[in-house]
Amino acid sequence: MNRETPCIKVVILGPLPQTFTYRCALPLPASGCRLRVPFGRGERIAIAIGPSACPQDILVKEVSSVLDCEPLLPSPLQALLEFGSHYYHHPLGAVWETALPARLCRGHPLPEFTPTTWRLRADISPSEKGLGARQIDLLQRLREGSVASSELGTSDRQRLRQFLAAGWIEEAPPTFQIRESPLCLHPEQASAVAAIRAASAFQPFLLDGVTGSGKTEVYLQAMEPLVSAGKQVLFLVPEIGLIAQTQGRCAERFGADRVAVYHSGQSDVERLRVWTQARQGRIAIVIGTRSAVFVPLLQPALLIVDEEHDPSYKQQSGWLYSARDLALRRAQLEDLPIVLGSATPSLESLHNRQLGRYRDLRLSERASARQLPPIEILPLRKKRLLAGLDPVLLSACAETLASGRQALFFLNRRGYAPALLCHACGHVPHCRRCSAPLTWHRRQARLRCHHCGLEAPVPAQCPNCGASEITGIGMGTEGLEDFLRERFPDVPLLRIDRDEVHSPKQLAERLQQILHTRPAILLGTQLLSKGHHFPDVSLVGIVDVDQGLYSADFRAPERLAQTVIQVAGRAGRGDTPGRVILQTHLPEHPLLLALQGGAYATAATQLLRERQQAGLPPFRALALLQAEAQRAEPVYAFLCAAHACIGPELECSGPIPALLERRAGYHRAYLWLEGKSRSALHRALSRVVDPLGKLPQSRRVRWSLDVDPQNF
């Protein structure tokens with residue numbers, strides 16, 4: 001080995017916290033290129049970070065090969081990953097591994113782009129001499145205009161390759177025609193579009209629009225001049241189920257060839273294809289879930305985060321990042337405007353708006369000019385209920401169906417019943433791996449844990465006392481479906497939950513079925529509550545929200561308020577006024593009273609005031625040090641040792657059991673770490689992360705640090 005060979009610093013793709021130094025022959029690869037390096041007894045894929053001084057008196061290994069001649073990501077995105085690694089205190093190699101398509105992490109080359117449309121070169125006049133009849137026919141078609149590869153058979157594609165080798169043809173630039181919007185913007189929409197179009201540098205906008213106010217149309221018209229100019233837009237949605245309708249609207253306006261989607265439900269090959277084409281600037285609009293925040297764009301011009309309040313933007317395993325927050329940082333690094341849109345903005349975003357960090361865009365009225373329906377609170381105390389439903393709600397449903405409209409029932413619990421109960425001794429079967437009861441799925445005759453997936457047969461007798469009087473407790477969507485089918489036998493019932501709908505394709509099909517079926521009963525969980533446009537729904541029944549009013553999770557009231565407003569917003573979006581009925585045993589609860597008018601702002605103001613009084617986010621910075629193991633003792637031993645490492649800069653509480661104390665066979669607990677400011681929190685965490693990994697107790701647990709946690 002030549003000792004004069006320069007060295008380069010790399011990170012190995014994976015959860016290794018340190019960087020490594022290798023010798024590499026000139027020229028040194030640029031930062032952001034992939035390398036294949038010897039590691040242990042094999043080889044690993046690494047990312048070049050930059051040149052490094054060669055360690056003295058140490059035998060430094062040579063880089064095996066350089067896989068890229070140019071960086072995979074532009075400098076702003078590399079800076080974003082550096083920021084994400086430091087902010088969330090996560091190894092940089094694992095951050096790169098999350099951000100890149102899986103095939104690139106395994107060392108596959110970037111795919112070569114094959115043009116899909118060809119034309120004759122203007123400076124060439126090919127002769128037909130010596131050509132066959134089919135070659136002449138193809139040549140004539142090329143003289144008449146461009147030819148798409150998808151229109152040709154295998155033999156014609158071979159002839160195209162012959163023409164390309166002869167230098168006769170070239171890639172035809174795509175010809176797109178943007179369709180004008182058939183909708184007329186109301187003044188608030190027009191003002192929002194004008195403000196977004198006028199922004200040419202980093203500017204966060206909070207598009208706070210009531211349900212049905214036309215936020216998507218604002219997005220589309222704000223994108224129009226950018227797409228026309230050949231620029232690119234990144235459009236984030238919280239869940240795969242919301243991609244189809246967004247993709248359809250964008251494709252209808254800008255052309256299907258200009259729009260692509262990127263999400264975890266795609267194959268590795270498809271994700272890499274979209275990622276590469278976006279990087280080359282061949283896609284104008286990329287629509288995706290949280291991982292799409294890392295897709296490189298050649299000419300980025302605008303970022304959109306729809307339903308910005310949704311907790312799905314927060315990753316819950318591995319690198320615990322927030323795609324919404326990283327999108328804001330990306331917009332800042334690339335000097336782009338970014339729009340955060342929601343009918344129920346997060347309290348963090350509302351706080352940032354109050355501080356002047358976000359520019360305020362309001363859509364206070366529906367695009368259809370219909371008023372938001374008020375929420376009728378229906379007290380349940382001392383009433384005789386039918387399958388958990390008040391007769392008043394059932395009568396309203398019957399009237400809605402008789403008028404040819406749709407009624408939507410929202411119940412955020414799957415299965416036939418949340419649990420089984422022995423009437424003789426009170427025994428409730430629990431998951432042996434989780435601290436949670438097993439949910440009864442009657443049609444499959446199974447008990448199922450919704451946390452770890454464990455299944456068991458329904459017992460014929462109580463395993464505790466042997467009695468046969470076993471019954472369900474409470475009501476899930478499957479049980480409510482059976483009751484409603486019996487009550488309204490002649491009306492179609494369409495159920496949407498994760499037991500009934502297993503793929504984005506099935507969800508899209510069911511949503512289309514809803515649009516073409518009336519009268520009908522719609523029944524579902526949160527899959528039905530987000531962003532869907534159901535013009536024929538005139539009644540919404542919210543069956544049970546009481547469980548969210550007294551949760552130990554301080555974010556539960558915020559999420560309940562958002563869910564209620566989002567579900568209520570499905571009513572009255574068409575020509576018929578809407579009606580929303582909310583059943584509760586707690587009709588005097590202040591949060592429900594604040595939501596009664598159908599507006600989110602009153603409840604959000606009340607919740608922000610409570611957070612400030614309690615010293616909770618967004619008024620203080622929060623992190624959780626989480627640990628889990630198959631026995632409880634190592635968990636608490638590690639957290640107690642970690643508590644002793646925490647300096648006086650942070651307020652440290654715990655160890656505290658997780659809300660679901662045992663999950664998938666692991667005992668779980670955490671330390672609650674609070675800082676007076678975000679900078680104080682991160683300064684303290686930077687000093688403590690390395691010592692935590694060196695604690696002897698850390699070897700017996702799986703631990704992680706969750707900055708700005710969303711779940712407890």
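Reader: Hi! Where does Ala 445 lie?
Author: Hello! In this predicted model, Ala 445 sits in the loop that runs between β19 (439–441) and β20 (446–448).
Reader: Nice. What is phi of Ala 445 near?
Author: Phi of Ala 445 is near 55°, which is a positive value in a residue other than glycine.
Reader: Okay. What relative accessible area does Ala 445 have?
Author: Its relative accessible area is 42%, so Ala 445 is partly exposed.
Reader: Let me jump to Ala 387. What about its phi?
Author: Ala 387 has a positive phi too, of about 55°, although it is not a glycine.
Reader: Where is Ala 387, then?
Author: You'll find Ala 387 in the loop between β16 (375–379) and α12 (391–402). With 23% relative accessibility, Ala 387 counts as partly exposed.
Reader: Changing topic to peptide bonds. What kind of bond joins Pro 617 and Pro 618?
Author: A cis peptide bond, with omega about 15°. Pro 618 belongs to the loop between α17 (601–614) and β27 (621–629).
Reader: Which strand is Pro 655 found in?
Author: Pro 655 is in strand β28, which covers residues 651–663.
Reader: Great, thanks!

How values were computed
Residues numbered from 1 in each chain as written. Predicted model: local features only at pLDDT ≥ 70, side-chain atom pairs only at ≥ 80, totals over all residues. Heavy atoms only, no water. Helix = DSSP H or I, 4+ residues; strand = E, 2+ residues; numbered from the N terminus. Buried < 20%, exposed > 50% of the residue type's maximum accessible area, 1.4 Å probe, protein only.
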